[in-house]
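Please look through the structure shown below, keeping its sequence at hand. The notes that follow take up a pocket, some aromatic rings and a loop residue.

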Amino acid sequence: MIQKKNLLAWAAGLLLAAVAGLASAENVQDFGEYVVHYNAINTDMLSPQVAQEYGIKRSKNRGMLNVVVLKKVLGATGQPVHAKISGHSMSLTGKQHRLDFREIQEGNAIYSIAEFAVNNEETLTFTVEVVPEGSDEPLTVKFRKQFFTR
């Protein structure tokens with residue numbers, strides 16, 4: 001039962017893209033003591049069960065950004081940590097939208113998600129600032145993603 005619960009947490013978190021068949025959508029950035037995993041997908045790629053469980057609206061015109069922060073632990077994959085996460089997306093025309101993250105904790109997994117609107121072939125640049133619990137130093141992740149809605 002615990003393995004199934006952890007699997008669901010990872011599926012809805014870090015491996016959300018893998019559940020949707022998009023394992024390559026996951027990205028990782030190393031900050032020394034911490035590692036930040038992030039991915040952005042269209043929410044229609046989520047299974048109806050996962051979307052319902054986490055209150056996510058499935059739509060080809062909605063995107064979701066998922067962020068997981070791990071503190072490095074010798075000999076392990078890392079320890080999930082709470083973090084203050086904020087950020088925004090910017091279109092190629094310069095239109096900026098604030099991302100409102102909500103934290104989800106299930107078992108040992110801790111991840112934050114933000115939902116946003118997307119248009120077909122729209123490219124968004126994401127800037128995400130992560131401040132791990134117990135740290136004053138912000139970690140900044142910046143990446144670009146193109147969305148397809150047809």
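This is a predicted model: local features need pLDDT of at least 70, side-chain atom pairs count only at pLDDT 80 or more; totals for chains, interfaces and linings use all residues.

Three strands, β5 (83–91), β8 (109–117) and β9 (122–132), each supply at least two residues to the lining of the second largest pocket.

- When the lining of the second largest pocket is sorted by class, it has 4 nonpolar, 4 polar and 2 charged residues.

**Aromatic pairs**

- A pair of aromatic rings is described by two values, the distance of the centres and the angle of the planes.
- In the whole structure, a search finds 6 aromatic pairs. One of them joins Y54 and Y111, whose ring centres are 6.3 Å apart and whose planes stand at 65°, which is over the cut-off of 60 degrees, so the pair counts as edge-to-face.
- This pair links distant parts of the chain, since Y54 is in the loop between α3 (48–53) and β3 (62–71) while Y111 is in strand β8, 57 residues apart; both Y54 and Y111 are buried.
- The rings of F126 and F147 also form an edge-to-face pair, because their centres are 6.3 Å apart and their planes are at 70°.
- F126 belongs to strand β9 and F147 to strand β10 (residues 139–147), so this pair ties together parts that are 21 residues apart in sequence.
- F126 has a relative accessible area of 0% and is therefore buried, and F147, at 0% relative accessibility, counts as buried too.

- K145 lies over the face of F147, at a distance of 5.7 Å from the ring centre.

**A loop residue with a positive phi**

- E121 is found in the loop between β8 and β9, and it has a positive phi of about 65° although it is not a glycine.
- Is E121 buried or exposed? With a relative accessible area of 51%, which is over the cut-off of 50%, E121 counts as exposed.

How values were computed. Residues are numbered from 1 along each chain as its sequence is written. Side-chain values use heavy atoms; hydrogens and water are left out. Helices (H or I, at least four residues) and strands (E, at least two) are DSSP runs, numbered from the N terminus. Ala, Val, Leu, Ile, Met, Phe, Trp, Tyr, Cys and Pro count as nonpolar, Asp, Glu, Lys and Arg as charged, and the others, Gly among them, as polar. Rings of Phe, Tyr and Trp (its six-membered ring) pair if their centres lie within 6.5 Å; planes under 30 degrees apart count as stacked, over 60 as edge-to-face and the rest as tilted. Buried means under 20% relative accessible area, exposed over 50%, partly exposed in between (1.4 Å probe, protein chains only). A charge sits over a ring if NZ of Lys or CZ of Arg is within 6 Å of the ring centre and within 35 degrees of the ring normal.
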